[in-house]
Amino acid sequence: MSLAVSATAAWQSERNRLLGIAYRMLGDFGHAEDVVSEVAIDAVRQERKADGHRVESWPAWLTTVCVRRSVDRVRQLAAAREDYTGPWLPEPVDTSRLPEETVANRELLSLTLLHLAEQLAPEARAALVLHRAFGMSAPEIADILEKTPTAVRQMISRAERRLDIDPDAPAPRTKDRAALEKLVRAIEQGEIDTVVAMLDRDAVLWADGGGKVKSAMNPVFGAERIGRFFAGILSKAVVFDPVQPVTAELIAVNGEPALVLRHSGRADVLVLDGGPDGTIRGLRQISNPDKLTRVSL
């Protein structure tokens with residue numbers, strides 16, 4: 001077996017794990033695939049270097065390059081996202097399209113946490129992903145990020161506090177399907193009061209239309225205002241289709257249930273963040289059609 005084939009074989013074996021790292025870092029599956037493809041090229045080039053050092057562990061080498069390339073890509077995307085029209089939300093992906101090992105470990109995979117993680121510095125996000133989702137130790141992560149283990153532990157601890165993650169808690173459980181089905185019925189039947197009753201008083205809705213479809217340009221704060229937001233959607237949908245203005249159904253994205261809302265000739269994906277008391281404290285509505293190409297609508 002040639003050295004180049006060895007590099008390719010190693011990358012093929014590790015590809016799904018690398019995708020899991022890059023997607024959690026970037027919140028965009030297309031960019032994650034680009035990063036992982038670039039890692040493959042880097043691996044072959046490393047093998048072909050006449051003066052290159054022998055790679056002792058391909059999994060470790062590939063992980064290091066993937067993380068560093070993801071960190072660079074996060075920095076590149078930050079400027080573009082500052083100019084994004086309205087709130088930026090991660091790209092949802094059908095659970096069936098994600099690698100099995102990625103779905104098996106749902107840690108840091110939900111759209112809610114992918115969105116919240118945007119507030120972290122790139123290296124802090126990398127440290128959190130590697131530790132929480134892939135069980136890597138601080139010394140292992142320190143080698144990748146070229147930091148001290150102490151600095152890595154501090155980054156992880158601060159990131160967990162920032163995202164309100166219990167360091168001792170297991171991966172998040174699937175959301176209550178009965179509550180989601182109740183919400184589906186309420187939306188389809190236009191029962192806005194029921195929708196409002198399911199929301200936390202201080203709930204927040206983010207709507208990502210990306211300038212491609214009409215959507216809220218700023219977060220919507222409070223249950224009553226969110227209720228009026230959905231009432232507005234319903235009133236416009238009735239004009240568009242008086243017989244069946246809105247339909248809603250459950251789908252699986254990012255390893256968890258979500259809703260697809262069809263109205264006014266378009267489709268939106270809605271993901272929910274439940275509070276400890278069972279109410280809904282966060283709603284993220286992805287309407288930008290460019291972000292829905294990996295969801296079966």
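A residue counts as buried when its relative accessible area is under 20%. That cut-off applies here to a predicted model.

Start with the aromatic residues. The structure holds three aromatic pairs. One of them joins Tyr-23 and Phe-29. Their ring centres lie 5.4 Å apart, with 75 degrees between the planes, an edge-to-face arrangement. Tyr-23 has a relative accessible area of 1%, so this residue is buried. Phe-29 is buried too, at 6%.

Phe-229 and Phe-230 form another pair. Here the centres are 5.7 Å apart and the planes stand at 80 degrees, so this pair is edge-to-face. Phe-229 has a relative accessible area of 18% and is therefore buried. Phe-230 is buried at 7%.

A charge meets a ring elsewhere. The charged end of Arg-81 sits over the ring of Trp-88, 3.7 Å from the ring centre.

Six strands make up an open sheet with mixed pairing, in the order 2-1-6-5-4-3. Strand 1 (residues 199-208) runs parallel to strand 6 (residues 280-286), and six bridges link the two. Within this pairing, Val-204 stands opposite Gly-282 of strand 6.

Which helices lie across these strands? Helix 9 (residues 177-188) lies across strands 3, 4, 5 and 6, at about 155 degrees to strand 3. Helix 11 (residues 223-240) lies across strands 1, 2, 3, 4, 5 and 6. Helix 11 runs at about 50 degrees to strand 1.

Technical notes:
Residues are numbered from 1 along each chain as its sequence is written. This is a predicted model: local features need pLDDT of at least 70, side-chain atom pairs count only at pLDDT 80 or more; totals for chains, interfaces and linings use all residues. Side-chain values use heavy atoms; hydrogens and water are left out. Two strands pair if DSSP finds at least two bridges between them. Helices (H or I, at least four residues) and strands (E, at least two) are DSSP runs, numbered from the N terminus. Contact means heavy atoms within 4.5 Å. Axes are lines fitted to C-alpha atoms, for helices over the stretch in contact, and angles run from 0 to 180 degrees between N-to-C directions. Rings of Phe, Tyr and Trp (its six-membered ring) pair if their centres lie within 6.5 Å; planes under 30 degrees apart count as stacked, over 60 as edge-to-face and the rest as tilted. Buried means under 20% relative accessible area, exposed over 50%, partly exposed in between (1.4 Å probe, protein chains only). A charge sits over a ring if NZ of Lys or CZ of Arg is within 6 Å of the ring centre and within 35 degrees of the ring normal.
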